[in-house]
Amino acid sequence: MRPTPHLLRAVASAAQRQNSVSFIGLGRMGSEMAYNLFSRTLVESNGSARFVVCDAREETSEAFVRNFVTHFPGARVHVATTPAEALLASRTVVTMLPSSPHVRNVYVEEDGIVSALRSLPPEAARSTLCIDSTTLDVEAARIVASEVERAGAAIVDAPVSGGVAGAKAATLSFLVGGQEHAYKLAQPYLLHMGKNIIYCGESGAGLVAKICNNLILGVQQIVVAEAMLLGQKLGLDPQVLASVVNNSTGACWASSVNNPVPSALPGKSPPCERDYEGGFATRLMLKDMGLATDLAESTGVPLPLGQAAERVYADVISEDPEVSNKDFSSVYRYLRVSAYPKHL
């Protein structure tokens, strides 16, 4: 399962490269997305498809392969040690990375996707599709897309909404930006990982939509935490308050699905039931709030609530570093034990 020169030459032959899919970035979201993409593609191909995985931590890739072949004996899943190897092995490459620097590294640095594209025959480069589901800076994404297109390949930005639960259940929403022909090429792969595929426009448009969505979500999660705390302080049972909110005009995903109070949602299992493990990391929400406020500053759009929410998440991590990798609804835990607000 480890790459060898012989393996890479075999997988990268024209016919086999066409029948291979690579996935780069096997974090919480990426590992679930790759599993669904590979399993459904395998069934669709009657077992003939090949797959390649690549992660900054090679042991993560190897663990993914072991798990996948346990569930699908005989599946051909290989480990690439660089993004270039992953690109050379497959005509379709999906990336799901933490942030802008990681995307630049995977795509445009040494041993990256762009350099591998330039080493391919022109017809092989033109047949290549890159799908980047990272949430990153819009301008950085457009620069990377331009480099990929200059090298001959097609690319879309396709950030997701739906969290780890949606990735696991293959119910994600993909917000897609890029040339329309690239969107049409990407759609069948995205449907193996999600349920709603929304074409938003030119390169970067999917990211703009995702950043605006997460701006709303980040603010909502804080105010839901505040309301749940206030209600409990005044004697309301959290189940009762959550039921009222979820059936009234305050209804939102942050309350009905991701409610931050344990036992507030009977029959459901939001991250708060697992000490806020397994959801969308607070550090990633802080990153997304930063992307929103940066865009607002560059365009002259006022974001008073967005800026305040960004400060809250920054304070949460600063005061309690343990929550950095916990679900962002852990802001409730921070508010509960602190003399907040400091800035409001």
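## Close-up views of selected residues and helices

**Figure 1. Ser263, a residue with a positive phi.**
Ser263 counts as partly exposed, with a relative accessibility of 45%. The model shown here and in the other views is predicted. Ser263 sits in the loop that runs between helix H14 (253-256) and helix H15. Its phi is positive, about 75°, although Ser263 is not a glycine. Most residues other than glycine have a negative phi.

**Figure 2. Tyr276, in the loop between H14 and H15.**
Tyr276 also has a positive phi without being a glycine, and the value is about 65°. Is Tyr276 buried or exposed? Tyr276 is buried, because its relative accessible area of 4% falls under the 20% cut-off.

**Figure 3. Helix H15 and its buried residues.**
H15 is built from 18 residues. From its first C-alpha to its last, H15 reaches 26 Å, close to the 26 Å expected at 1.5 Å a residue. Several residues of H15 are buried, among them Thr282, Leu284, Met285, Leu291 and Ala296. Gly290 and Thr293 are also among the buried residues of H15. H12 and H16 are included in what covers them. Just after H15 comes Gly300, whose phi is positive, about 75°.

**Figure 4. Asp288, a buried residue of H15.**
Asp288 lies in helix H15. Its relative accessibility is 1%, which is under the 20% limit, so Asp288 counts as buried. Which side chain makes a polar contact with the side chain of Asp288? It is the side chain of Asn214, at 2.7 Å. Leaving aside neighbours within four places in sequence, Asp288 is in contact with Thr135, Lys210, Ile211, Asn214 and Phe280.

**Figure 5. Helix H9 and its buried face.**
H9 covers residues 138-150 and has 13 residues. The distance from its first C-alpha to its last is 18 Å, close to the 18 Å expected at 1.5 Å a residue. Its buried residues are Val138, Ala140, Ala141, Val144, Ala145 and Val148. Seen down the axis of H9, these residues fall within an arc of 155°, so they line one face of the helix. An α-helix has 3.6 residues a turn, so residues three or four places apart point the same way.

**Figure 6. Thr128, between helix H8 and strand E5.**
Thr128 is placed in the loop between H8 (122-126) and E5. Thr128 is buried, because its relative accessible area of 2% is under 20%. Its side chain reaches the backbone oxygen of Ala124 at 2.9 Å. Not counting residues up to four places away in sequence, Thr128 touches Arg17, Leu87, Arg91, Leu117, Leu120, Ala153 and Ala154.

**Figure 7. Strands E8 and E9, joined side by side.**
Strand E8 (residues 172-178) and strand E9 (residues 194-201) run parallel. How many bridges join E8 to E9? There are 6 bridges. Ser173 stands opposite Asn196 in E9. Between the two strands, the chain passes from E8 through helix H11 (residues 180-191) to E9, and this β-α-β crossover is right-handed. In a regular strand the side chains alternate between the two faces of the sheet.

**Figure 8. Gly74, an exposed residue in a loop.**
Gly74 is found in the loop between helix H4 (58-71) and strand E3 (76-79). Gly74 is exposed, because its relative accessible area of 68% is over 50%. Gly74 and Gly47 are 27 residues apart in sequence, and their C-alpha atoms are 8.5 Å apart in space.

**Figure 9. Pro304, an exposed residue of helix H16.**
Pro304 lies in H16, which spans residues 304-319. Is Pro304 buried or exposed? Pro304 is exposed, because its relative accessible area of 60% is over the 50% cut-off. Pro304 and Ser45 are 259 residues apart in sequence and, C-alpha to C-alpha, 51 Å apart in space.

Key:
Residues are numbered from 1 along each chain as its sequence is written. This is a predicted model: local features need pLDDT of at least 70, side-chain atom pairs count only at pLDDT 80 or more; totals for chains, interfaces and linings use all residues. Side-chain values use heavy atoms; hydrogens and water are left out. Two strands pair if DSSP finds at least two bridges between them. Helices (H or I, at least four residues) and strands (E, at least two) are DSSP runs, numbered from the N terminus. A crossover is right-handed if, with the strands pointing away from the viewer, the path from the first strand over the helix to the second runs clockwise. The expected span of a helix is 1.5 Å times one less than its number of residues. Buried means under 20% relative accessible area, exposed over 50%, partly exposed in between (1.4 Å probe, protein chains only). The arc is that of the directions from the helix axis to the C-beta atoms. A polar contact is a pair of N or O atoms within 3.5 Å; within protein, one must be able to donate a hydrogen and the other to accept it, and residues adjacent in sequence count only if both atoms are side-chain atoms. Contact means heavy atoms within 4.5 Å.
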